[in-house]
Amino acid sequence: MTSILVRPLILLAAVAPTLLAVPAVAEPTPSPALPAAVLIVHVDPSQSIAAASNLVAGATVHHRFGALHAFSVRVPATKAAAEASRLAALPGVTAVESGVVRRFGGTPTNDPYYGTRQQTYLGPLRAADAWAGVHPQRAAKIAILDSGVDVTHPDLGNGRVTATHNAYDGSTNVTDALGHGTFVAGVAAAQTGNGLGVAGAAANDAVIYAVKIADPAGGIQIDDEVAGIRWATAQHVDVINLSLGGPDRSAAEADAIGDAQRAGIVVVAAAGNDGDTAPSYPAAYPGVLAVGATDPAHRTRAVFSNHGSWVDVAAPGVSIFSTVPRTSDMWGSVANRYTSGDGTSFSTPLVAGEAGLLRAQNPNTTVAQVRQAITASAHGYGRLGLGRGQVDLAAALDHLPPLSRPTTITTTGAGGIVRLAAASTARRVAFRIDDEPRLPSVPASLGSADQSFATWGFTNGTHELRAYDCTAFDECSYAARTTSFQVDNPAPSITSPVGGAGVTGNVTVRATSNTGGPLRLLVDGKVRAVDDTAPYAFTVSSSTLTNGPRVLRVQGCSRDHRHCAGPLSAAVAVNARGLHPSITSITPSHVSPNADGVRDKAAVTFRLPERDTVVVRVLDANARVLRSYRLGTLAAGRHSWTWRPAAADGTRLPDGRYQIALDTTAGSRRGWVTALAVVDTRRPALAAPTASGARIYPARDGFRDALIIRTRLGESGRLVLTVRSAAGKVVRTVGVAHPAGPATIAWNGRTAHGSQLPAGSYRWQLALTDAAGNTTHSAVRAVTVSAKRLVAVTDYVTKPAASVMDAGGTSRCATAKAAASRYGGGLDLVNGCPAEDFDLAYADYAFRLPVAVRYVGIGFQIRGVAVGRRAELSAAFTRTDGSVEIPNYVTIAPAAVGWHGIGGVPAADHLDTGRRTRVSLLLDSTYAGRNGFDTALVRLRVKMTVLR
């Protein structure tokens, strides 16, 4: 760490609770005269809000939310809990919600090189290409819910701000004392091409609805934010920008945002500036576009940006150049009314402006379509927790469903395969039949698109055909060109058996169709079989039909069999005269005739309802008879026959699936019934297993308590893990039935009765046995069982204070010198800078931690003495992503001697792979005049878990 990097890192970390833009000044302190707490009272929908709000004597009603069945009250903070309990007991009150606070922030860098600064982030977003490609139908309305907007700013005037509302006091005054909202408004929609200032992301294709939700002290109460959302929803805006947030949910806020989304409004919110993965609200609510920040100059995630699976997209958030009031709390005095800032607060309006461009191009797009266009076109910044990546304004337009619809659509043919055609200027066209899902889109070439549609299975008569223009990525418009067309397929027919025929035994029904496509066979109106292609032949056993008159029909179906409403054939009446034998079991159903005595044969058990002559036939997969066995005439009842899978010449039948058929006769009647049997002599495939390690610690403390083995099974079967001692004795067998595919099996280092086995070496092996009894073994592997267990310990890593990586001050008035220390190997830190300058004396240290299984926390301690007066010290812990964390400040009196704890943090995210971490000792310019601390030793207190 060099001296010039210390101060900005400290500024970033010192405001960890503040979200959305990275502030360089302290958060505004609320006025003591203002109410200190907000409660939102939810009322049963059957109750009157007005009546319920009249019962809250002692509390001031601030907002009434009719659509939410709620109202808010302001109460003193000291009475908030008691008031919440009292209000919750009122008749008709369903819940009382404690108001949460949302915050703003921003870091001014006052970079005057506006042109270069804007190009660094608008260039990667391809904003200029998007502006050239937009053909706006109307100006999009973007609501900026923030600290207000300077409506007199030259880049936000001339009709750019078209409506104002103050949600705090109900007026139209949106004066921006803080400056945050003016900056956000400029990023989203500053005037473009007016010869001055900056260009907004939405260029001139959007107008601003300025909604002030901040109170006079610059704070945001949740009920004012909710009121602002409700007002923007009532104005039918296109986009709501929320460059604010916090870690807490709010039911009222979530409901208001949900209503806005249902009203067709795209809600965009900042992911937050804590630099971690904790969700921030409202960004993390469903359907809200959560925006993280990138650092385009370094092509990475901005160090302050929140990230994680809940973030949807990102936009640049570093050195964003925009509009500010001439004087504001956040930016101070800015003569030219433009400056730059960092934060997800300023990434968010870039995406809100993008959403505005899309709505200007096509006002009829849904929220889902705008979200899809923005997220599908984002790219880059993979595996950084920034959703689909950085947005691309020009590419988003390519994903926007077209405004157009095909000019004409036609059909050719009325039966079988019908040709659908459309004339269109779009890249692709999608067709839809009736209320079915859209067919996959097809490309349009030279202004025309066509697709074949198989009418099989659809009813004869009139059908509706719709055609939609689509993007090259298959996003289609809701506007369709509609026509109707006729389906007139001739009915199929049954060619055999003929009407009046008697059927018995195994019956084949044959049919024809003049249009093609699948046919299904119905017996007495119930589906019995399907044949996909001609010549159509359905095999059905009369043994499965009740004897007597039966009616046969065939009917057309679609290729996927979802639709079987084609015309029915003429009915064919037949007389079923079958016998009804049944096969009750084939045990085992999978045989392995490899002469090893294991499952070489199968017992076929069957039942005859009357005295029959029985022939057992073995059929292959194509229903060809391979071998017949005459069992003679058998009495009614239960019988068993042994099947040995061999051909007539005595050779073994090849592996495969076979049908065992009972062919029975009694006079002129016949019976036929089949059951499946499988011949399988191949050993099942068992992938080489991988183990979680070669050593386990079965002490039940959560650390490598078990041996986890992973493999892949080529087929289903029983997977068995066998563990043996070094002497070869089996000490544990674990078995599980498992389907084909990835498989996991584990051993916990114990016997089947739960006793821990002695420490030592063991061997394990997997075996997979399939349904036919074939077994495959893995190689034998070794594992060591250890008696060690996890123990929590505290250790110290101590260094002389002078053993620094870097030391010095952020200004000449702050120093860190070893020569000035009274201790051998010590370091004397002195800070004589003015208190308001935030200058630091610092010393940077690198520590390597002892070996451990798990690191819980690290704390920084120093030994020395404050010189002359109290010294305010802090420790900055460097995260692995380069940002820093300052847990707290510590004041040390001159008389205090010994070790002083300066701060501590969880170990996660602060250690690199080499067990190294960096900590900075900081002496702040808190007091006027000279103060210092002479440091003898520094040390890291490490809480960790080790094996002992």
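One caution before going on. This is a predicted model. I'll come back to confidence.

Who are the partners of β29? Strand β30, residues 526-531, pairs with β29 in the antiparallel sense over five bridges. Strand β32, residues 548-556, is also antiparallel to β29, and five bridges join them. Take one bridge from each pairing. R520 has V530 as its bridge partner in β30. V523 has L552 as its partner in β32.

Now the turn. β29 and β30 form a hairpin with two residues between the strands. D524 takes a positive phi there, near 55°.

Next, a three-stranded sheet. The sheet is open, the order is β19-β20-β23, and the pairing is antiparallel. Which strands stand at the edges? β19, 408-412, and β23, 448-454. Each has a single partner strand, so one side of each is left without a neighbour in the sheet. Direction ignored, neighbouring strands here are turned by 20° against each other on average. β20, residues 417-423, pairs with β23 over seven bridges. Within that pairing, R419 stands opposite S452 of β23.

On to helices. α7 covers residues 222-234 and α8 covers 251-262. Their axes are 9 Å apart, at an angle of about 10°. That makes α7 roughly parallel to α8. From α7, the contact uses I222, E225, V226, I229, R230 and T233. From α8, it uses A252, E253, A256, I257, D259 and A260. What is the make-up of that contact? Seven residues are nonpolar, one is polar and four are charged.

Back to confidence. The chain has a mean pLDDT of 89, and 93% of its residues reach 70 or more. Strand β10, residues 239-242, is highest at 98. Helix α1, residues 3-14, is lowest, with a mean of 25. Residues 1-19 are below 50, yet this stretch has 56 contacts in the model beyond near neighbours in sequence. Residues 21-35 also stay under 50, with 42 contacts beyond four places in sequence. Where pLDDT is low, the predicted coordinates should not be read in detail.

Conventions: Residues are numbered from 1 along each chain as its sequence is written. This is a predicted model: local features need pLDDT of at least 70, side-chain atom pairs count only at pLDDT 80 or more; totals for chains, interfaces and linings use all residues. Side-chain values use heavy atoms; hydrogens and water are left out. Axes are lines fitted to C-alpha atoms, for helices over the stretch in contact, and angles run from 0 to 180 degrees between N-to-C directions. Helices (H or I, at least four residues) and strands (E, at least two) are DSSP runs, numbered from the N terminus. Angles under 35 degrees count as roughly parallel, over 145 as roughly antiparallel, 65 to 115 as roughly perpendicular and the rest as oblique. Contact means heavy atoms within 4.5 Å. Ala, Val, Leu, Ile, Met, Phe, Trp, Tyr, Cys and Pro count as nonpolar, Asp, Glu, Lys and Arg as charged, and the others, Gly among them, as polar. Two strands pair if DSSP finds at least two bridges between them. pLDDT is the predictor's confidence in each residue, from 0 to 100.
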